[in-house]
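Work through the exercises below with the structure open beside you. Each task is followed by a solution in steps.

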Amino acid sequence: MIDARSLTRDFVVSRSQTVHAVRGISLRIEPGELVAVLGPNGAGKTTTMRMLTTLIAPTSGTATVAGHDVVRQPAQVRRHIGYVGQGNGAGHTQRVRDELNTQGSIYGLDRRAARQRAAELLDALDLTELATRKVSALSGGQRRRLDVAMGLVHGPSLLFLDEPSTGLDPQNRANLWEHILRMRAEHEMTVVLTTHYMDEADSMAERVVVVDHGEIIADDSAATLKAKLAGDRIVVTVAGDDARPLARLVDRLPGARDVVCDGNRVQAHVGNGPAALPELLRAAVAADVPVATAQVHQPTLDDVFLALTGRSLREGENEHGNPQDAKTPKDVPA
Amino acid sequence: MSTVSVTAPSQIRTAGRTGPLGLFRDIGIVMTRELRPLLHDPFSVIFGMVQPLVFLGLFGPLLVGSLGGQAGTALGNGGVWQWFVPAILVMTALFGTSTTGASLLFEFQTGAHERMLVTPLSRPSLLIGRALKEMVPLAGQAVIIVLVMIPFGFRLHLAGALVGLALLAVFGIGLGALSYALAIAVRKQDWMFWVVQQTLIFPLMLLSGMLLPLETGPGWMRAAAQLNPLAYLVDAERALFAGRIGTATVLWGWVAALVTAAVGLAVGVRAMARSAD
Ligand SMILES: Nc1ncnc2c1ncn2[C@@H]1O[C@H](COP(=O)(O)OP(=O)(O)OP(=O)(O)O)[C@@H](O)[C@H]1O
Ligand SMILES: [Mg+2]
């Protein structure tokens, strides 16, 4: 469905400054895949999408989207894709239903079919009561739902969504996903989306592409990425203030690595957290080490990003919510 | 809210996409979309009329006072309103259509334009549809002004007025297209739009003989006016609203309007093709 080769894109900001927004992205996406693109602000996600959707030309590299070259056959590409950009697609002076009808007629639905499709989508994204409202009078999340509805009007075989769920409340996020997944099942739609919600990428996408500084730094299923790059982590504390005897026990657990002993607290990566913890507790009882608390942390995609780059995706927030974690060397911001 | 039968996307267009038929269809879609807000809120036509109405209300009476006695000389026979109202219609076209690019500028900011650029709509249709739409508010404004002025003694020659309206519409399409082209050109520094628009609009207006007869101005002004399409338009509208349809003045008015429309659309379509970056 998508075959991008060494795409780059520079933006000349001023005579002395050029931004290398995308620095060589190669990506193959097969029909029917659901791919989430993750990365911090400014990583180049939107720029990559804008190249793949024919909005801007690559500085170098080539891309074939839906069987057509994005530079030489942009009109053909546009006919086969849908795109929900990061901004608001609806005109502010327009009414909600009108924008959906217009979108339908753009893609060749006759008036009746367009109206019917608009009604379906209004219903699916919980916008029916707002149908005659002016777009400028919608809340941010309502506007976002309208954007997505417009992108879905024609049931494209390839759909690009740039942060579709940003600003939606949990109920509406669930709604949105239900609808996207159903459309995908019914039309064998290929979906490429960006998101900053880790849980979303984790639970919905079969494939996660991590982008940083304009390059792909990881590309696999969420489960594999987490197992390979982050792994389970255990955090155990002892009663008293010396955890070193406990740390020696932790070291003997299967797959234990990165064992850090810090006062009365030990943390480490282990192969299988839920299995390792009881084993450790048994060993501690036998060795007469007084364990006070024990926790297992299963990795998130944020841990994956941290492992890859040494930075957390959650800016300004400590990755495990524990202030002591900040002392471990890998937490130091790059 | 969850049981939805999704329309088969198989009916999504493949036929009639390219060629002139596809272009006309696309223009129709864009134009309809642009006209909808006007339809829902007809009073918004008043918006582009503020300046012309101010001139009509506050400058017109001064003209009557100072030039009224000269009727039949500089102004031709028929009195001040007969001379001033057609010019006010051109002023309406000038102010209304030269500001229309601001709406596109806003769509650049929100992302609405980007969304349109990803659809199969042809690039030229995105401009032509918008420019053609300018006819509608313009015609509405012209009709309002004429109707308002009839009680004040403005005499209407219907045939001439209709031709005058058509002439105004053609000019409005051209100027609207230029306004959109300007919006596209300055989209990265949007404040420039108003700088350029304001800088151009007043010289154009004063050098058209719209407010005061140019015959009494210095020679260089009259020479400059000869290069101003607006001057030909104003003269043509005055002739038409006096009922003199088949005259050379009117012909020159059409030339000016058609050239403006052709240049505007050509420049605008080129700009639109490069508007994604
Ligand atoms: N039109 C532009 N002109 C100049 N620089 C740009 C332009 N568009 C993007 N950039 C720069 O390119 C880089 C990548 O931007 P991009 O919008 O692709 O990031 P992103 O991954 O989508 O980020 P976010 O998560 O914030 O949406 C950034 O450094 C940005 O400042
Ligand atoms: Mg982005």
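**A helix and a sheet in chain A**

Helix 9 (residues 244-251) of chain A lies across strand 11, strand 12, strand 13 and strand 14 of chain A, running at about 170° to strand 12 of chain A. Contact means heavy atoms within 4.5 Å. Axes are lines fitted to C-alpha atoms, for helices over the stretch in contact, and angles run from 0 to 180 degrees between N-to-C directions. Helices (H or I, at least four residues) and strands (E, at least two) are DSSP runs, numbered from the N terminus.

This is a predicted model, in which local features need pLDDT of at least 70 and side-chain atom pairs count only at pLDDT 80 or more, while totals for chains, interfaces and linings use all residues. Residues are numbered from 1 along each chain as its sequence is written, chains are lettered from A and ligands numbered from 1 in the order in which they are written, and side-chain values use heavy atoms, with hydrogens and water left out.

**Exercise 1**

Task: find the order of the 4 strands in the open sheet of chain A and name its edge strands.

Solution.
- Step 1. The order is 12-13-11-14, with antiparallel pairing. Two strands pair if DSSP finds at least two bridges between them.
- Step 2. Strand 12 (257-262) and strand 14 (291-297) of chain A each pair on one side only, which makes them the edge strands.
- Step 3. On average, neighbouring strands of this sheet are turned by 15° against each other, direction ignored.
- Step 4. Strand 11 (residues 232-238) and strand 13 (residues 265-270) of chain A pair in the antiparallel sense over 6 bridges. Asp232(A) stands opposite Val270(A) in strand 13 of chain A.

**Exercise 2**

Task: describe the salt bridge between Glu200(A) and Arg173(A).

Solution.
- Step 1. A salt bridge is a side-chain nitrogen of Lys or Arg within 4 Å of a carboxyl oxygen of Asp or Glu. For Glu200(A) and Arg173(A), the N to O distance is 3.0 Å.
- Step 2. Glu200(A) is in helix 7 (residues 198-204) and Arg173(A) in helix 6 (residues 170-187) of chain A, 27 residues apart.
- Step 3. Buried means under 20% relative accessible area, exposed over 50%, partly exposed in between (1.4 Å probe, protein chains only). Glu200(A) has 3%, so Glu200(A) is buried. Arg173(A) has 16%, so Arg173(A) is buried.

**Exercise 3**

Task: which chains does the salt bridge of Glu99(A) and Arg33(B) cross between?

Solution.
- Step 1. The side chains of Glu99(A) and Arg33(B) meet at 2.9 Å, N to O.
- Step 2. Glu99(A) lies in helix 3 (residues 96-106) of chain A, and Arg33(B) in helix 1 (residues 19-40) of chain B.
- Step 3. Both Glu99(A) and Arg33(B) are buried.
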